[in-house]
Amino acid sequence: MRKVDDVRDDITKIDYEIAELFEKRMGFAAELALSKKQAGESIYNKNKEDEKLSDITKNRSNPFVIKGLEEVFIQMMSISRKYQYHMVHQRDRYIENYFTEVPELVMFPDTRIVYPGVPGSFSEMACEKFFGADVDHYAVVNFKDVAMALNNGDADYGVLPIENSSAGDVTGVYDILLENDVCMVGEVFVKVEHCLLGCPGSKIEDLEVVLSHPQGLMQCAPYLENLDVKKVSVENTAIAAERVAREKIMTQGAIASRRAAELYGLDILDAGINFDKNNVTRFVILSKKRQYTENANKISISFSLLHESGTLYNILSHFLYNDLNLSHIESVPLPDQQWEYRFYIDINGNLHDPAVKNALQGVRTEVADFKILGNY
């Protein structure tokens with residue numbers, strides 16, 4: 001049995017040899033990139049990489065070595081691709097074909113904004129915070145109606161809640177972004193203070209039913225646990241307030257804003273009942289026009305991946321190698337496709353940045369169902 005230091009010395013010698021060979025391999029990768037560019041071939045060739053993995057491992061008997069070689073070469077080929085993308089600087093017309101850079105969002109005297117719910121909703125508050133109180137804005141019943149209004153040309157911009165600091169992503173909004181030809185062009189944050197509202201003269205101890213949007217009920221769950229009430233989900237917090245005011249049932253309450261209480265003539269039975277006192281909802285501004293402003297600094301994308309070892313890591317490493325920061329990542333199982341997922345990712349940057357173009361080109365060639373949801 002040899003001494004530990006002697007074995008380490010041999011490993012170190014091999015490590016230096018591997019480093020030299022890796023540098024030599026990257027030189028050939030650069031040469032290959034230029035040859036591919038001249039021949040009009042794409043950088044990524046999955047079949048060739050699969051063949052390489054099969055060939056490298058076919059005569060190995062140790063399962064641990066086989067698995068290790070697969071991991072090493074998957075990463076090495078991934079790094080090689082990123083280096084090749086960097087070397088050739090191929091012009092990716094995807095962004096140019098689908099997006100237009102503008103100095104600022106276009107607003108005219110007749111510009112119309114659509115939001116879900118009724119007056120007094122947090123969506124209306126977001127609308128007025130982003131566009132101003134004097135803008136022409138109107139309400140529709142649900143989230144899908146916002147996209148439909150944009151598709152039909154009834155509105156120029158739409159407002160939808162997409163994420164809450166305490167309850168997470170708002171269900172269904174990402175599906176709307178994928179299923180409709182709309183683009184995220186802005187975002188605005190609204191601090192949320194939920195109040196328990198009731199008909200004039202009603203009391204908390206007499207309430208039997210409390211209505212609100214599912215997010216409102218979720219954000220006030222600890223408070224509601226102490227009340228012996230039935231929780232009923234409706235389309236919007238302000239719709240809950242409007243319904244309580246209209247039906248005039250003394251045992252029925254709503255979770256909504258102070259503004260909703262004022263608009264619909266309800267009493268505030270209790271205020272600040274959400275468990276997170278720093279509760280903030282992020283709203284996105286949507287448009288049919290695929291545009292982004294020159295000072296936009298956040299990009300949202302989506303794509304799907306097979307549930308295979310290393311696939312997500314390899315995709316995310318495109319951002320690492322281009323020094324781009326990820327600010328959000330969400331995964332959703334694909335319907336009827338077991339163990340396959342769609343990912344929603346936010347990165348910091350602008351579509352005109354070379355590093356962003358390089359990263360997104362690499363991602364787009366290695367995933368399925370790639371879509372830029374917006375730059376804002």
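Which side chains meet in a salt bridge at 3.2 Å, N to O, with Arg112 as one partner? The partner of Arg112 is Asp136. A salt bridge here is a side-chain nitrogen of Lys or Arg within 4 Å of a carboxyl oxygen of Asp or Glu. Side chains of opposite charge can pair when their charged atoms come close.

This is a predicted model, in which local features need pLDDT of at least 70 and side-chain atom pairs count only at pLDDT 80 or more, while totals for chains, interfaces and linings use all residues. Residues are numbered from 1 along each chain as its sequence is written, and side-chain values use heavy atoms, with hydrogens and water left out.

**Salt bridges**

By this rule the count comes to 20 salt bridges. Three of them are listed here.

| Pair | Closest N and O atoms |
|---|---|
| Glu128 and Arg259 | 3.3 Å |
| Glu187 and Lys298 | 3.2 Å |

Glu187 lies in strand β6 (residues 183-191) and Lys298 in strand β14, 111 residues apart. Helices (H or I, at least four residues) and strands (E, at least two) are DSSP runs, numbered from the N terminus. Lys298 is buried, at 13% relative accessible area, and Glu187 is partly exposed, at 22%. Buried means under 20% relative accessible area, exposed over 50%, and partly exposed in between (1.4 Å probe, protein chains only). Glu187 and Lys298 also belong to a network of salt bridges with Glu163, Arg282 and Asp346.

**Pockets**

A pocket is an open set of points on a 1 Å grid over the protein atoms alone, where a 1.4 Å probe fits, with protein on both sides within 12 Å along at least five of seven lines; lining residues have an atom within 4 Å of a point. A volume is the space filled by probe spheres set on the points, which are joined across faces, edges and corners.

The largest pocket has a volume of about 540 Å³. Its lining has 22 residues, and Tyr44, Lys46, Glu308, Thr311 and Glu366 lie nearest the centre. Helix α2 (46-57) is among the elements that supply at least two lining residues, and α2 gives the most, with four. Domain 1 (1-90) and domain 4 (296-375) both contribute to the lining, so the largest pocket lies between them. The domain bounds come from an automatic or database domain assignment.

The second largest pocket has a volume of about 390 Å³. It is lined by 17 residues, with Leu32, Lys36, Lys48, Lys52 and Gln84 nearest its centre. Here α1 gives the most to the lining, with five residues.
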